[in-house]
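Here are a few friendly notes to read alongside the model.

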Amino acid sequence: MNPANLTVNLTETAAGLPEAWSSLPLGLVGPACVKVLRMDGTPLPEESHRTAEALLVLDGRLELLLEGTPLPVRAGELYVVPAGTAHAVGPGSRGTLVIVELPEE
């Protein structure tokens, strides 16, 4: 196996996705799924998960709302949403986002 064939350019991959906010699973690390997506400024409704979720902003800015409280996550920053925490995406979120999440059981 050639390790060079396993590399992924995350920003190019996200930019090439046909729709914003449509994540592309890249692989598994243990049971956790690593996904990339493109943010386009559109807000998303509130949700919560039974497991924690890691949000890594590669470029741009994520306007995260945690239980209604704004929490901007900037390029190069990581935020781990605790399990069971209501969160939404506010308007103006743009750039490339990596999500690491465990499967919902």
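1. Let's begin with Thr-96, which counts as buried because its relative accessibility is 5%; buried means under 20% relative accessible area, exposed over 50%, and partly exposed in between, with a 1.4 Å probe and protein chains only. Thr-96 lies in strand β8. Strands (E, at least two residues) and helices (H or I, at least four) are DSSP runs numbered from the N terminus.

2. A word on the basis of these notes: this is a predicted model, where local features need pLDDT of at least 70, side-chain atom pairs count only at pLDDT 80 or more, and totals for chains, interfaces and linings use all residues. Residues are numbered from 1 along each chain as its sequence is written, and side-chain values use heavy atoms, with hydrogens and water left out.

3. What does the side chain of Thr-96 make a polar contact with? The partner is the side chain of Asp-59, at 2.9 Å. A polar contact here is a pair of N or O atoms within 3.5 Å; within protein, one must be able to donate a hydrogen and the other to accept it, and residues adjacent in sequence count only if both atoms are side-chain atoms. Beyond four places in sequence, Thr-96 also touches residues including Leu-10, Val-36 and Met-39, where contact means heavy atoms within 4.5 Å.

4. In soluble globular proteins, nonpolar side chains tend to be buried together.

5. Met-39 deserves a look of its own. Setting aside neighbours within four places in sequence, its contacts include Trp-21, Val-57, Asp-59, Leu-62 and Leu-97.

6. Please check two backbone angles. Most residues other than glycine have a negative phi. Trp-21, however, has a positive phi of about 65 degrees, and Glu-67 has one of about 50 degrees. Trp-21 sits in the loop between α1 (10-15) and β1, while Glu-67 is in the loop between β4 and β5 (69-74). Are these residues buried or exposed? Trp-21 is buried, because its relative accessible area is 17%, whereas Glu-67 counts as exposed because its relative accessibility is 55%.

7. Finally, Leu-26 in strand β1 (residues 24-29) counts as partly exposed, because its relative accessibility is 32%.
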